[in-house]
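My entries follow the order in which I looked things up.

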Amino acid sequence: MNRRKFMAAAAAGAASLEAAPRLAIEGGAPVRATPLRARHWGPLYYDDKERAALNEVLDIGAPFRWWGQPGGKPPTKVATFEKEFAERMQTRFALAVTSGTAALQTAVAAFGVGPGDEVILPAWTWHSTCTAVIMAGALPVFAEVDESFNLDPTDLERKITPRTKLVIVAHLQGVPADMDAILEIARRHKLKVLEDCAQAVGGSYKGRPLGSLGDMGIYSHQVNKTISSGEGGSVVTSDPLLFERASRFHDVGSLRALHEERVGKAALEPFAGVNFRMNEFTGGVMLAQLRKLDTIIGAARNHVRRIYDSLTGLDGIRFRKRPDPDGETGDSVYIGFDSQERRDRFMEAMKAENVPARPPSGSVVLPVQNYIEKKLTAFPNWPTWTMGRGPTIRYGAESCPRTLDILNRFAGVAVDPKFTRRDVDDIIAAIRKVYPAVMAS
Ligand SMILES: Cc1ncc(COP(=O)(O)O)c(C=O)c1O
C-alpha cells in the first residue's frame, strides 16, 4: 500500500491498514443493504390535522376563500394561514397564492418591474425565478453563484447598471445566501430585494426568518418543499403598498375587505391582474403543515448537524459554503472536490454503498437553457429582448463559467426529517469510507 492509501486509511479512522474497509464498488460489502432515499418532507407528516381541515371544508361546502359559508361569514382557512404565516415569518403581511411561480410573478408585479428594467438573479436557480422577470417584460441579468450555490455578492455588484431595478436572491436547497453582503450592496445602489425562499421555507439568517430580510419574500408549497399541499405559494412583505399591489395583482386587480382591513385603507385604484387565489382545501392543509414547520425542520437540522460534526475531522474535507449553519433547513450535506472526475468517482462509489450522492439539484443553470440562450418568448416581440440591452445581452456558458465549474465539482446527500439514527449513521459511515479513498486515487 502506498503512502496516499495509508493516509486515506488513517483518515477513514481504520484501526489498522488491514481493517480499511474495501469499497463496495471494488467488491467490498456496502454500508447499507438497500439504497437510502430522502422522501418528500411535508406528506411524511400528514395526519388527522390535515384530514380534519379537508373534511371541514367538504362539510361546510365552502371551498372558495372569499365567500360561500352558511350564514354569510367568510371562510377562515386561507385567511388564518396568511395570518399565521406572516407571524412565523415576522412580516406584517402574507398573501397565499397558487404556487411559488405565481408568488414570484405577483412579487415582481408588486415592485412595478416592467419593460426596460433589468433584474439581477443568480445563474443557478429554478426556471420560475427567471420566467417571472420575463413575464413582466423585464430583462434577466445573471450573476454567478459562489460555493454556497447562491448569489455571489461580488458578481452581483459587477452586474448592476443604471437600469437595474430589482435583485432576486434565492436561498437554494435550504441554505441561506450571504445576506449581509447582498443587502449592503443593494441598499448602497438603492435596489429592491426579493428573496426567493421556495427551497428554504422556515430557514433563517442570523436569527431572522428568510423572506423577512429583503423588501419581499416568496415561498413554494409544492411537494419537494419543507411543507406542502402538493402545490401552493406565499408572498410576504412588511410594506403595505407592496402588499396592496401584490393582493390586487393576484386577484384580478381588486382588494378584498380582509386585505383592505390589513393595510388600513386602499391606496390604489384597481389595475389589470390575474387569478392566483389559494382555495380553502389548500389553505386548510397548509395551515396544518405550517403548525408543524418547526418540528419538521428541527428534525432535519439535527440530522445535518450530526453529519457535518462527524465529518469535520476528515482529512482535507471541504463543504459547501454555509453563510449561517444554524439557519439552514437541513436539506442536504454537500462536499467539494478539486475536479469533476473526482466528484463523479465519489458519486459512483457512494451509489455502490447504497448511500447515493448527487450533484446540486432542484435548479437549472439558466443562462444555458435553450429558450434563454435563444431569447425565446411566446410572443416574438416581447419587450424582454427587444428593449434596452435586450438585443445585445449574451447568455450561454461563457456568461457563467464559475457557476458551471462549482456545480460540476460538488456532490451531496439529501436528508429527510424522518431518517432514523441508523440512516444518518450510514451517511456518515459511507462518506468516511468513500471520501478518503477517492481523494487518494
Ligand atoms: C427556487 C425556486 N423558485 C420558485 C419555484 C417555483 O415554485 P412552484 O413549483 O411552487 O411554482 C421553485 C420550485 O421548485 C424553486 O425551486
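I began with Gln 173, which I found in the loop between strand 5 (164-170) and helix 8 (179-188), where helices (H or I, at least four residues) and strands (E, at least two) are DSSP runs numbered from the N terminus. I noted that the model is a predicted one, in which local features need pLDDT of at least 70 and side-chain atom pairs count only at pLDDT 80 or more, while totals for chains, interfaces and linings use all residues. I also noted that residues are numbered from 1 along each chain as its sequence is written.

Is Gln 173 buried or exposed? I recorded it as buried, because 22 other C-beta atoms lie within 10 Å; the cut-offs are 20 or more such atoms for buried, 12 or fewer for exposed, and partly exposed in between, with C-beta atoms placed from the backbone. The phi of Gln 173 is near 50°, a positive value in a residue other than glycine.

I then looked up Lys 375, whose phi is near 55° and is likewise a positive value in a residue other than glycine.

Next I turned to the ligand, which has 16 residues around it, with Gly 100, Thr 101, Trp 126, Ala 198 and Ser 220 coming nearest; a residue is near if its C-beta atom, placed from the backbone, lies within 6 Å. Helix 5 (100-110) and helix 6 (127-135) each supply at least two residues of this shell, and the largest share, three residues, comes from helix 5.

For the largest nonpolar core I wrote down 121 residues, and those with the most contacts inside it are Ala 107, Ile 218 and Val 434; such a core is a set of buried Ala, Val, Leu, Ile, Met, Phe, Trp, Tyr and Cys residues joined through C-beta atoms within 7 Å. Helix 16 (residues 421-440) gives the largest share of this core, nine residues.

Leaving aside neighbours within four places in sequence, I listed Leu 194, Met 216, Ile 218, Val 235 and Ala 246 as in contact with Ala 107, contact meaning C-beta atoms, placed from the backbone, within 7 Å.

Last, I looked up Ala 94 in strand 1 (residues 93-97), which counts as buried because it has 24 C-beta neighbours inside 10 Å.

Conventions. Two residues are in contact if their C-beta atoms, placed from the backbone, lie within 7 Å.
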